[in-house]
Amino acid sequence: MTAHPSSRPVLLTRRHALAATAATALLPTAAAAQSASPESFAAAQQAILAGRVPVSTGLSLDMPTLSENGNSVDLAIKVDSPMSADDHVARIHILAEKNPFPRVATFHIGPRAGRADVATRIRLAETQTIVVLAETSRGLVHRDSREVIVILGACVDGG
């Protein structure tokens with residue numbers, strides 16, 4: 001007599017556990033939390049600075065000054081840092097002045113990264129100023145900004 005396939009015990013394999021974890025991570029909880037209370041550009045910048053005065057040296061921001069399509073704008077950031085255990089870049093924040101949610105991205109970096117370079121693509125709602133803040137482990141904040149002219153804006157749906 002053969003047992004029905006549904007009567008076999010269910011085995012949880014590592015593959016199934018990883019798939020379940022990945023599926024859980026894709027749930028729209030972050031988007032729902034973000035849409036609950038939009039933060040202004042000034043509030044986002046003040047929260048990151050926490051009373052510190054940023055310096056305008058040591059950070060380079062490379063991005064086009066004109067973007068035909070705001071759905072994908074290339075951006076590269078380099079921060080001069082020894083990247084030692086005592087003195088390294090800890091976080092790099094990208095803020096977009098006129099996006100519905102100004103905190104575009106935050107990169108967490110440790111001393112073992114070797115260098116503080118990041119490159120990404122961002123969405124821009126309209127022509128605006130992009131601000132990059134890089135926090136070091138010693139509490140120093142580097143700042144650079146760039147105005148980008150956007151021909152066809154993105155983020156028009158509020159997200």
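Which word applies to Glu-135, buried or exposed, and what is its relative accessible area?

Tutor: Glu-135 is buried, and its relative accessible area is 6%. Here buried means under 20% relative accessible area, exposed means over 50%, and partly exposed lies in between (1.4 Å probe, protein chains only). Please keep in mind that this is a predicted model, in which local features need pLDDT of at least 70, side-chain atom pairs count only at pLDDT 80 or more, and totals for chains, interfaces and linings use all residues. Residues are numbered from 1 along each chain as its sequence is written, and side-chain values use heavy atoms, with hydrogens and water left out.

Let us now turn to the partner of Glu-135. The side chain of Glu-135 meets that of Arg-91 in a salt bridge, at 3.0 Å from N to O. This pair connects distant parts of the chain, since Arg-91 belongs to strand 4 (residues 89-96) and Glu-135 to strand 7 (residues 128-136), 44 residues apart. A salt bridge is a side-chain nitrogen of Lys or Arg within 4 Å of a carboxyl oxygen of Asp or Glu, and strands (E, at least two residues), like helices (H or I, at least four), are DSSP runs numbered from the N terminus. Arg-91 counts as partly exposed, at 29% relative accessibility, whereas Glu-135 is buried. A further residue joins them: Arg-52, Arg-91 and Glu-135 are linked in a network of salt bridges.

The search of the whole structure finds five salt bridges. One of the others is formed by Asp-74 and Arg-121, whose closest N and O atoms are 2.8 Å apart. This pair also links distant parts of the chain: Asp-74 is in strand 3 (residues 73-79) and Arg-121 in strand 6 (residues 116-122), 47 residues apart. With a relative accessible area of 43%, Asp-74 is partly exposed, while Arg-121 counts as exposed at 60%.

Another salt bridge joins Asp-117 to Arg-115, with 3.2 Å between the closest N and O atoms. Asp-117 is partly exposed, with a relative accessible area of 33%, and Arg-115 is exposed, at 58%.

Finally, a word on confidence. The pLDDT is the predictor's confidence in each residue, from 0 to 100; its mean over the chain is 84, and 74% of the residues reach 70 or more.
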